Every structure is written in C-alpha cells, then in structure tokens.
Amino acid sequence: MKIAVAGKGGVGKTTIAGTLARSLARSGHEVLALDTDTNPMLGVSLGVGPETTDLLVAVRQALQDGEVEHEPTAEGMAETFGADAPDGVRLVVATRIDRFDSGCLCCGVTPDQLLREFETDGRVVVCDLEAGVGTLMRLEEGQADLVVVVANPTAKSIDVARRALAIAESKAAVLLVANRVSGPEDVESIRSALGRDPEIIVPEDPVIAGADRDGEAPIDAGAGAPGVLAIKELAERLVPTAA
Ligand SMILES: Nc1ncnc2c1ncn2[C@@H]1O[C@H](COP(=O)(O)OP(=O)(O)OP(=O)(O)O)[C@@H](O)[C@H]1O
Ligand SMILES: [Mg+2]
C-alpha cells in the first residue's frame with residue numbers, strides 16, 4: 001500500500017507521516033518512509049535525529065555533485081541512500097532533485113515518478129509530499145493508493161485541502177485529517193468549508209510541539225499523548241488494508 005501525505009505548508013504533514021509510519025511499524029508492518037520534500041525533515045519526526053537527517057541530505061547532495069555512485073533502481077536507493085529508523089522503519093530521503101532533465105532514478109525524477117517506482121510487496125510506503133498540490137497534480141492513477149490530506153482550522157490551509165482533495169479524488173482513495181484542533185468549532189469550520197467530515201481529528205498537542213522543538217519523534221516524546229494517539233488511530237484505520 002502506498003500512502004501520500006499532502007497539504008499546505010506547515011499543516012503537520014511531516015509530523016503525521018512520521019508518526020503514521022512508526023505506528024504502522026509497531027503494529028507489525030514493514031514500512032518504507034519516503035521523504036520527497038525539498039526540505040527533508042521526515043527523519044526528525046521518525047526519530048532518527050537531526051544528525052542522521054543531515055547526513056542523508058548530505059549524501060544526496062554528494063550524489064548530485066557527482067561524488068557518489070548513482071543508483072538506478074528504487075530498491076538500490078533505499079539500500080544506499082536510506083537509514084534505519086526506530087521500529088524497523090526504513091527512511092529514504094529523495095529530495096534535492098534539481099536536475100529534472102537527467103532521467104536518472106536517483107537524482108533526476110520527480111517525486112511522483114519516484115513514488116511509482118517503489119514496489120509495495122506487502123510493504124507500506126508512507127510518502128511525505130512537498131507542500132501544496134504540485135505533486136498531486138502530476139500524480140497518475142495507481143501511483144498512490146491513498147492520499148491523506150491534512151488541514152488545520154485556518155482559511156488558507158482549508159483552501160489548499162479543498163484543491164488537494166479535488167485533485168486526489170480522481171486518482172486515489174482520500175482521507176481528510178483535521179490537525180491542530182483546539183475545539184469543536186475548529187472541526188466545524190473545516191467540515192462546513194469542505195462539505196465533509198474529517199475522518200481523523202488530531203488535537204493541538206503540546207507534546208507534539210515540544211518534540212519538534214527538541215528534534216525528537218512525537219511517538220518517542222509521548223506515545224500516549226492525545227495527538228499521537230489520534231495518529232495511531234489513523235494507522236489502525238489503515239491496518240485492514242495495509243497488510
Ligand atoms: N497536533 C499538533 N499539535 C501541536 N503542534 C503541531 C501539531 N501538528 C504539527 N505541529 C507543529 O507544527 C509545525 C509544523 O509541522 P510539520 O513540520 O509536521 O508540518 P509540515 O506540513 O510538514 O510543514 P512543511 O510544509 O514545512 O513541510 C511543527 O512545529 C509541529 O511540531
Ligand atoms: Mg514537512
């Protein structure tokens with residue numbers, strides 16, 4: 001199963017992708033976490049720490065600068081440019097792709113093409129997308145099984161979520177997550193603006209904010225924190241189809 005996490009900048013895509021990946025791994029799934037954001041921070045939310053995240057980014061930069069052997073296959077990339085995260089999650093940072101012309105899988109394809117290349121084979125691929133709807137627009141039917149659209153109770157993020165839902169709906173199953181919710185009026189503002197109920201509601205959670213401040217994974221900072229529990233609920237919802 002391939003899951004892509006989309007939404008406006010700063011809505012919590014990386015937080016949700018990282019915690020979702022860890023939760024799925026804890027419930028026994030083999031998980032590949034794919035960071036296709038140009039500012040790749042998924043490693044931090046997964047709990048590999050800022051140093052490993054920086055290292056992965058540096059490796060990809062060295063690759064682009066011609067200092068490292070290329071990897072023509074997706075699995076080779078996971079091997080060579082990946083890192084092990086807690087609970088057995090394998091993280092691949094596939095960003096800093098500036099040379100769209102090269103056509104080389106490891107350094108010249110767009111995130112949507114890359115997402116297509118990774119086989120699932122019983123594995124769950126969780127992909128943290130760039131902010132906005134650019135990748136979703138290029139996504140072809142079948143490249144992702146599910147697009148998780150994240151919205152905050154703000155007009156701008158709801159507007160991006162509306163466009164993301166409209167684009168993704170024709171290509172994959174979609175699921176709406178309301179994140180950073182402080183009360184029922186927040187849920188209502190999202191529901192009334194989008195004309196649908198969010199399937200998962202993640203509360204504003206100081207444990208999540210604190211984890212980010214400390215460069216820690218939310219699931220390590222507080223596995224029982226309300227925000228983390230809500231993302232675990234999202235993972236549980238996906239479990240029947242994720243095997
Ligand atoms: N439920 C929550 N409660 C409190 N803080 C949160 C919550 N979700 C996310 N945050 C905080 O919001 C900030 C942005 O989150 P995150 O980096 O996951 O967003 P993003 O959508 O990936 O951003 P970008 O578009 O820049 O990649 C972080 O500081 C994170 O800790
Ligand atoms: Mg992010």
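Me: Quick one before we dig in: when do two strands count as paired here?
Reply: Two strands pair if DSSP finds at least two bridges between them. Keep in mind that this is a predicted model.

Me: Which way do the S4 side chains go?
Reply: Arg90 and Val92 point one way, Leu91 and Val93 point the other way, and all are buried.

Me: Zooming out, what is the strand order in the sheet?
Reply: The sheet is open and has 8 strands, in the order S3-S4-S2-S5-S1-S6-S7-S8, with mixed pairing. Its edge strands are S3 and S8 (200-203), each of which pairs on one side only. From one strand to the next, the twist averages 20°.

Me: Which strands does H1 lie across?
Reply: H1 lies across S1 (2-7), S2, S5 (124-128), S6 (146-151) and S7, and runs at about 165° to S5. Helix H8, residues 184-194, lies across S6, S7 and S8, at about 145° to S7.

Me: Tell me more about H1. What is its span, and is it mostly covered or uncovered?
Reply: H1 has 14 residues and spans 20 Å from its first C-alpha to its last, close to the 20 Å expected at 1.5 Å a residue. The helix is mostly covered, with 13 of the 14 residues buried. After H1 comes Gly28, with a positive phi near 100°.

Me: Switching to the ligand: which residues come nearest to ligand 1?
Reply: Gly12, Lys13, Thr14, Thr15 and Asp212, out of the 19 residues around ligand 1. Helix H1 (13-26), strand S7 (173-181) and helix H9 (206-214) are the elements that give two or more residues to that shell.

Me: How does the shell divide into nonpolar, polar and charged?
Reply: There are 5 nonpolar, 8 polar and 6 charged residues around ligand 1.

Me: Back to backbone angles. Which residue in the S3-S4 hairpin turn has a positive phi?
Reply: That would be Asp87, at about 65°, in a hairpin with 5 residues between the strands. Asp87 is not a glycine, and most residues other than glycine have a negative phi. The loop that holds Asp87 runs between S3 (82-84) and S4 (90-93).

Me: Why does Asp87 count as partly exposed?
Reply: Because Asp87 has 19 other C-beta atoms within 10 Å, while a residue needs 20 or more to be buried and 12 or fewer to be exposed.

Me: And what is the phi of Arg180?
Reply: Positive, about 65°, although Arg180 is not a glycine. Arg180 lies in strand S7. Arg180 is buried, because 22 other C-beta atoms lie within 10 Å.

Me: Last topic: where is Pro72, and is the residue buried or exposed?
Reply: Pro72 is in the loop between helix H3 (49-64) and helix H4 (74-80). Pro72 counts as exposed, because there are 10 C-beta neighbours inside 10 Å.

Me: How far is Pro72 from Arg22?
Reply: They are 50 residues apart in sequence and 28 Å apart in space, C-alpha to C-alpha.

Key
Residues numbered from 1 in each chain as written. Chains lettered and ligands numbered in written order. Predicted model: local features only at pLDDT ≥ 70, side-chain atom pairs only at ≥ 80, totals over all residues. Near = placed C-beta within 6 Å. Helix = DSSP H or I, 4+ residues; strand = E, 2+ residues; numbered from the N terminus. Nonpolar A, V, L, I, M, F, W, Y, C, P; charged D, E, K, R; others polar. Expected span 1.5 Å × (residues − 1). Axes fitted to C-alpha atoms, helices over the stretch in contact; angles between N-to-C directions. Contact = placed C-beta atoms within 7 Å.
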